[in-house]
Amino acid sequence: MKMPGYMLTGLLFMVLGATSCLAHDDDISVGLDANESPPYWSATMLNNGMGGEIVHAISEEAGLVSHIHFKPLQRMIEDDSNNDLGNPDFYVRNQVFADIIPIAIYQSAIFYYAPNHKENISIRRMEDLKRYRIGILKGTLVDRTAFEKAGVVFETSYSQDSLFKKMKLGRIDLCLEVDLVGHQIINRLFPDQRDDFATIALPKSTEPLAILLSADYPQARAIGERYREGLHRIIRNGKYEKILEHYYGEGKVPSDWQEQLKKFERLYNFSVRGR
């Protein structure tokens, strides 16, 4: 979860692949690390959540076996030799990847507990945030410079649950989180009070979730090409959209998901070819 692109640093994306060195009739096992962020990634959800379900569907089409291991986000960021799942922005500053394959998109939102405020909160520009105490998950804010210049202060936590509990108690005013993740947390922690939580959608906050293959991983580029091929197959055969409908709800899937996903694919391909 993170703020819109104009508030954060740019992306670095590498995409190269050669499928010739991997035969599709060979089962290749790949270890991937993810941060517990239901409904996108979760060890307790069927097929590891929405992102996990996409990864496993891609793997099945590509003749790969993907094993998702769950770790704290900060540990994933600090590890410079692993394969990651998530937003590339969190990892590329600390690690070189042989390939990054965008597989899904998400949007960010600001949440607040309405009974703690006399009136509805409206955020139109960054300066509007400086009057509030804002909670974020540690490691998700890539660049603080613009916020510091605007006088915006954040309180970080290693736990998303902790942030929402603090917000309800009035210890922080706002929480910056991925839209579906925030709603999932509220439904789980405060099912009888979920209508008391308000959401402010952040326009132009669409970001990618990706498979990031370490430069040190054997045959990473060839494996990456197989992941990419598997993704295109499940989009064509309709499996991909069915997965989205399961989590967003029928008729509630963002209409521009394919356009946004193609945009990030083009962006990252351009970045690699320019290296």
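Predicted model: local features only at pLDDT ≥ 70, side-chain atom pairs only at ≥ 80, totals over all residues.
Leaving aside its neighbours within four places in sequence, with which residues is lysine 166 in contact?

The residues in contact with lysine 166, once neighbours within four places in sequence are set aside, are Glu155, Arg171 and Ile172. Lysine 166 itself belongs to helix H4, which covers residues 160–169. Is this lysine buried or exposed? Lysine 166 counts as buried, because its relative accessibility is 14% and the cut-off for burial is under 20%.

The protein chain comprises 275 residues, and 54% of them are buried. Its secondary structure consists of eight helices and ten strands. As for the contacts, if we take those between residues at least 6 apart in sequence, 74% join residues at least 24 apart.

Helix H4 returns when we come to the largest pocket. The volume of that pocket is about 210 Å³. Its lining is made up of 16 residues, and the closest to the pocket centre are Asn35, Glu36, Tyr158, Ser159 and Gln160. Which elements give two or more residues to this lining? They are H4, helix H2 (73–78) and helix H5 (179–189). Of the contributions to the lining, that of H5 is the most, at three residues.

How many aromatic pairs does the structure hold? There are six. One of them is formed by phenylalanine 90 and tyrosine 91, with an edge-to-face arrangement: the centres are 6.2 Å apart and the angle between the planes is 70°. Phenylalanine 90 is buried, and so is tyrosine 91. Elsewhere, Tyr113, Phe190 and Phe197 are linked by ring pairs into a cluster.

One further ring involves a charge. The charged end of lysine 263 is positioned over the ring of phenylalanine 264, at 4.7 Å from the ring centre.

Thank you for your attention.

Definitions and conventions. Residues numbered from 1 in each chain as written. Heavy atoms only, no water. Phe/Tyr/Trp six-rings, centres within 6.5 Å; stacked < 30°, edge-to-face > 60°. Buried < 20%, exposed > 50% of the residue type's maximum accessible area, 1.4 Å probe, protein only. Lys NZ or Arg CZ within 6 Å of the ring centre and 35° of its normal. Helix = DSSP H or I, 4+ residues; strand = E, 2+ residues; numbered from the N terminus. Contact = heavy atoms within 4.5 Å. 1 Å grid on protein atoms, 1.4 Å probe; cavity = no way out; pocket = protein on both sides within 12 Å on 5 of 7 lines; lining within 4 Å. Points joined across faces, edges and corners; volume = space filled by probe spheres on them.
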